[in-house]
Amino acid sequence: METTVAEKTSAQTRKSAGNKRGIRKVAVLGSGIMGSRIACHFANIGLEVLLLDIVPRELSEVEKAKGMTMESKAVRNRIVTESFQNAVKASPAALYHPRFASRVTLGNFDDNLKDIAGYDWVIEVVVERLDIKKSLFEKVDALRKKGSLITSNTSGIPIHLMAEGCSEDFRRHFCGTHFFNPPRYLKLLEIIPTPETDPEVVDFLMHYGDRYLGKTTVLCKDTPAFIANRVGVYSLMRTLQIVEEMGLTVEEVDKLTGPVAGRPKSGTFRLSDVVGLDTTIHVSNNLYQNLTTDEQKEGFNLPVMVRKMQENKWLGDKTGQGFYKKTTGVNGQKEILALDLKTFEYRPQQKSKFDTLEATKSIDNVRDRFKVLLAGRDRAGEFYRKTFYDIFQYVSHRIPEISDELYRIDEAVKAGFAWEVGPFETWNILGVADTVKKMEAAGLKPAPWVYQMLANGSDHFYKVENSRRMYYDIQSQAYQPIPGTEEFVILSNLRGTRVVWENKGATLFDIGDGVLNLEFHTKMNTLGAEVIEGINKGINLAEKAFAGLVIANEGENFSAGANLAMLFMFAVEQEYDEIDMMIRQFQNTMMRVRYSAVPVVVAPHGLTLGGGCEMTLHADRVQANAESYIGLVEVGVGVIPGGGGCKEMALRLSDAFEAGDVELNRLQNIFMNIATAKVSTSAHEAFDLKYLRRGDRITLSRTRLIADAKESVLELANAGYTQPKQRNDIKVQGKTGIALFRSGIYGMQLGKYISEHDAKIADKLAHVISGGDLSYPQTVSEQYLLDLEREAFLSLTGERKTLERIQSLLTGGKPLRN
């Protein structure tokens, strides 16, 4: 089975904390939306979790009908059970794998709070009321074991107030640990100590959250809303105020504040509907009431539009309508209407277009877009200047109030609000001094320390020295390394000094200790000629002078698959010899990954589809990020996997056969995974789908992924890695398997569940993974299967329906010309 964080957590944690502390068992107090999902994430890393909530006050009608009493265990645990089941069923999934739910034990405060005596960490996630939290902590203090961690997930109550009146040991081991919802996916974990918190506890939580929970841990001061919500909610409320001033529409703002600006694809208003406007109002009102020294306090004052929506109870998805509203039109089709912010009536959505955005279409890297966005002379440019300069001013004045170091503000906003680039990073890209002049012209002067920094001759917030990223430290007035990053391998920091070779689509880095890293940086990291060249170059160089090769990148996704544009061009021109050469070259390169003289470790993350999956399948070891969505999806464009994917799945199936197995049943599972383009929802599920195998490993932290992959290369090399030999012992079913699949395909087509073209693709797939027209089950070689795979792929590229599917992906659905 997979090697998980769970199997190593306690031992490694003890070692990293000087043999003082290990975490095996965690108790979560409060099973609401956050509590249940936090419990799920602790279960994700293999810990034993206790989830508790209150006992219901009375029986439900269903319980009465069943003759239950208030003493029935099911009744007493009803609230926690329902909350946890909701979390388990939620989409997107809170758990990496459904079986991990068994790691969570459910109970209630009256019967089971005493059980926390055996737990290493108790985290409170009850209602946001100080009196209730203090009452619960009083009981916890009497029951917990000495030295156990006690933390609160509060998002707004001052941390130091909650521990008042508790024992000294409690106070020394108490602090805030603020997760963001949903805990599995949003990477921020704010650590908020009190003046009495033991520094060892703070250091431990900072390391544990990063290494074992996969979080960006940010040390915060105990100030209102800490860092991320303080800055993020201010940015949101000021955006809404500026929208009112400028008269922009909902659709215009969501287009301006989406991926083009490095923000989540939902944009401002759609995200608000998903989160719930009431949540934003609650946080904003609390800040407006509690901030006494914030010069921009009015930025948290609710705009007129928000007040109206609050009055109308238009709070977003939870009330059925917010800035958007789902309806059913006269023709029965579902339609999403947008709110007209002037009339406050819902209307059909309108397309928005800005010259400034048009000018950025050819710019793939968001960091390269900022100067274009803020230089725009239309209303988009005006909007960007107003909002960006405003947030620059705001964060500059929050130092040292909410943080002494500027990098913490960037890290918190990026991890908590899914911004690709933090405010200080954005300002740095635009040019600090030049931007200050423009901010002054707009009446938005930054804090005095910015002027002092520039006067000292320091004109960047960040810079890279000796392959390490440095930040400007305001207290020392000098550049310092960002703490905690010395263990990471960050390719962007190596670009100026450690490049060994590069072409337009790929770069080889020397990442130290005799290990190379191949990064590809094509659009969506698709695999074309440049990447194939890079893989072969990397292996060749590694075999001559290095211990091994990592294939990893820092893009949003590992790879969306093969570059279809070249395939489409050859197919339209009926250049089948060229397509055959392309497939052979890709297959040979994947086999080179498998059969090189040095270890090759592939480190996928995010989308790892098609050719990206095939590359993963051929690695000596996979070091996968937990959030890896891996799959062979080629049938979606009318072909089958052609880079060794079918071959490799047949090989893995053959290796898995055991005496007494119903081999055809196992073959059918593999067939269905490919035929339905099944994609894993996590790296853990990828083991079930055979995309990952025994010996492959999972890393929770994206920032540690390449460093962990490098360690895997060194481990394999130091263990005496020897070049493997190609296989010729792969058992296939031949005509027996093909007959099984053809009967099913015929039935599906007869029932009109699949088209004639779908049936043709499925038949080709069945032919390949069954080993072709062999008269009985027997063993074959890898090359035999690769040849079958290539022939099937090639034949499907001549199908008009395949060309139409590929063109639809490339051109957005425009019809294929004759």
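Strand β20 covers residues 606-609, and Thr608 is part of it. This is a predicted model. Thr608 is buried, with a relative accessible area of 0%.

Which residues does Thr608 touch, leaving aside those up to four places away in sequence? They are Phe558, Ser559, Cys613, Thr616, Tyr629, Ile630 and Gly631. Ser628 is 20 residues from Thr608 in sequence. In space, the C-alpha atoms of Thr608 and Ser628 are 6.8 Å apart.

## Two helix pairs

Two packed helices are described by the angle between their axes and the distance between the axes. Take helix α33 (residues 756-769) and helix α34 (residues 782-797). Their axes are 9 Å apart, and the packing angle is about 170 degrees. That makes α33 roughly antiparallel to α34, because angles over 145 degrees count as roughly antiparallel. On the α33 side, the contact is made by Lys760, Ile761, Lys764, His767 and Val768. On the α34 side, it is made by Leu785, Leu788, Glu789, Ala792, Ser795 and Leu796. By class, the residues of this contact between α33 and α34 are six nonpolar, two polar and three charged.

Now take helix α18 (residues 379-397) and helix α21 (residues 432-441). Their axes cross at roughly 105 degrees and come within 10 Å. Angles of 65 to 115 degrees count as roughly perpendicular, so α18 and α21 are roughly perpendicular to each other. Tyr389, Phe392 and Gln393 in α18 meet Thr435, Lys438 and Met439 in α21. The contact of α18 with α21 has three nonpolar, two polar and one charged residues.

## The two sides of α15

Which residues of helix α15 (residues 304-312) are buried? They are Met305, Val306 and Met309.

After α15 comes Lys313, which has a positive phi, near 60 degrees.

## Cysteines

A disulfide is a covalent bond between the sulfur atoms of two cysteines. How many disulfides does a search of the whole structure find? It finds zero. Cys220, for one, is in no disulfide. The nearest cysteine sulfur to Cys220 is that of Cys175, 11 Å away. Cys220 is buried, with a relative accessible area of 4%.

What about Cys646? The closest cysteine sulfur to that of Cys646 is in Cys613, at 11 Å. A disulfide needs the sulfur atoms within 2.5 Å, so that distance is too far for a bond. Cys646 counts as buried, at 1% relative accessibility.

## Backbone details

Two cis peptide bonds come next. One runs from Asn181 to Pro182, with omega near 0 degrees. Pro182 is in the loop between β6 (174-179) and β7 (188-193). Another joins Ile399 and Pro400, where omega is about 10 degrees. Pro400 lies in the loop between α18 and α19 (406-417).

Positive phi values also turn up in residues other than glycine. Phe226 has phi near 60 degrees. Phe226 lies in the loop between β8 (216-219) and α11. Ala677 has phi near 55 degrees. Ala677 is in the loop between α29 (663-675) and α30 (683-688). Is each of these residues buried or partly exposed? Phe226 counts as buried, at 0% relative accessibility. Ala677 counts as partly exposed, at 22%.

How values were computed:
Residues are numbered from 1 along each chain as its sequence is written. This is a predicted model: local features need pLDDT of at least 70, side-chain atom pairs count only at pLDDT 80 or more; totals for chains, interfaces and linings use all residues. Side-chain values use heavy atoms; hydrogens and water are left out. Axes are lines fitted to C-alpha atoms, for helices over the stretch in contact, and angles run from 0 to 180 degrees between N-to-C directions. Helices (H or I, at least four residues) and strands (E, at least two) are DSSP runs, numbered from the N terminus. Angles under 35 degrees count as roughly parallel, over 145 as roughly antiparallel, 65 to 115 as roughly perpendicular and the rest as oblique. Contact means heavy atoms within 4.5 Å. Ala, Val, Leu, Ile, Met, Phe, Trp, Tyr, Cys and Pro count as nonpolar, Asp, Glu, Lys and Arg as charged, and the others, Gly among them, as polar. Buried means under 20% relative accessible area, exposed over 50%, partly exposed in between (1.4 Å probe, protein chains only).
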